[in-house]
Amino acid sequence: MSAPFEERSGVVPCVTPWGQWYQTLEEVFIEVQVPPGTRAQEIQCSLQSRHVELAVRGQEILKGKLFDSTIADEGTWTLEDRKMVRIVLTKTKRDAANCWTSLLETEYAADPWVQDQMQRKLTLERFQKENPGFDFSGAEISGNYSKGGPDFSSLEK
């Protein structure tokens, strides 16, 4: 069985002072670099539908209102290799038109080039989901791909 589309096509990260964030059609991933040797007991993380808070060893790293809503009870965080916290949030709106332009409403916006690449990736991911027999992982996309690309749902099959 082949790898899921988002793994084959790579990610389009938005780099931040504390790490990076990126997204797929269904999820938002936040990767926060923490001091090597950090233990899980030293992490305080609160994930709510529209709000995220992360503190390590009592120092606030990330706090604010998310760009869009998520499913609060599906959000998770893990400490990887005692040097990175990975937060996974599940989007409530899971389509290519819901490409987050920033992580928080007022912070960590993707620059225009990164935003364009994120939108292209989500549009290709949408095409893959709609056409499971085809491999779009190496495809290039141009033209109308903003807001998830053209809507063919009204066409007869």
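# Reading rings, strands and contacts

Visitor: Does Phe 29 count as buried or exposed?

Guide: Phe 29 counts as buried, because its relative accessibility is 14% and the cut-off for buried is under 20%. Keep in mind that this is a predicted model.

Visitor: How do I read a pair of aromatic rings?

Guide: Take two values: the distance of the centres and the angle of the planes. A search of the whole structure finds three aromatic pairs. Phe 29 forms one with Tyr 22. Their centres are 5.0 Å apart, with 15 degrees between the planes. That pair is stacked, since planes under 30 degrees apart count as stacked. Tyr 22 is buried too, at 9% relative accessibility.

Visitor: What are the values for the rings of Phe 67 and Trp 100?

Guide: The centres lie 6.1 Å apart and the planes meet at 45 degrees, so this pair is tilted. Phe 67 sits in the loop between β6 and β7, and Trp 100 in the loop between β8 and α2. The pair therefore ties together parts that are 33 residues apart in sequence. Phe 67 is partly exposed, at 28% relative accessibility. Trp 100 is buried, at 0%.

Visitor: Which residues does Ser 69 contact, beyond its neighbours within four places in sequence?

Guide: Trp 100 is one of them. Ser 69 belongs to the loop between β6 (59–65) and β7 (76–80). Its relative accessible area is 16%, so Ser 69 is buried.

Visitor: Now the strands. Which strands pair with β8?

Guide: Start with β3. It pairs with β8 in the antiparallel sense, over seven bridges. Within that pairing, Val 32 has Val 85 as its bridge partner. β7 is joined to β8 by five bridges, and these strands also run antiparallel. There, Glu 80 is bridged to Met 84. β7 and β8 form a hairpin with three residues between them. In the turn, Asp 81 has a positive phi of about 55 degrees.

Visitor: How many residues of β8 are buried?

Guide: Seven of its seven. Look at both faces. Met 84, Arg 86, Val 88 and Thr 90 point one way. Val 85, Ile 87 and Leu 89 point the other way.

Visitor: What is the strand order in the open sheet of three strands?

Guide: The order is β4-β5-β6, with antiparallel pairing. β4 and β6 are the edge strands, each pairing on one side only. Neighbouring strands are turned by 0 degrees against each other on average, direction ignored. Five bridges join β4 to β5. In one of these pairings, Ser 46 has Glu 53 of β5 as its bridge partner.

Visitor: Which members of the largest nonpolar core touch the most other members?

Guide: The core has 28 residues. Trp 21, Ile 30, Leu 62, Ile 87, Leu 103 and Met 118 touch the most other members. β3 (27–33), β4 (43–47), β5 (51–56), β8 (84–90) and α2 each supply at least two residues. Take Met 118. Not counting residues up to four places away in sequence, its contacts include Trp 21, Tyr 22, Cys 99 and Trp 100.

Visitor: Where does Gln 117 lie?

Guide: In helix α2, residues 112–130. Gln 117 is partly exposed, with a relative accessible area of 22%. Its C-alpha is 10.0 Å from that of Ile 141, which is 24 residues away in sequence.

Terms used: Residues numbered from 1 in each chain as written. Predicted model: local features only at pLDDT ≥ 70, side-chain atom pairs only at ≥ 80, totals over all residues. Heavy atoms only, no water. Helix = DSSP H or I, 4+ residues; strand = E, 2+ residues; numbered from the N terminus. Buried < 20%, exposed > 50% of the residue type's maximum accessible area, 1.4 Å probe, protein only. Contact = heavy atoms within 4.5 Å. Core = buried A, V, L, I, M, F, W, Y, C linked by side-chain atoms within 4.5 Å. Phe/Tyr/Trp six-rings, centres within 6.5 Å; stacked < 30°, edge-to-face > 60°. Pairing = 2+ DSSP bridges. Axes fitted to C-alpha atoms, helices over the stretch in contact; angles between N-to-C directions.
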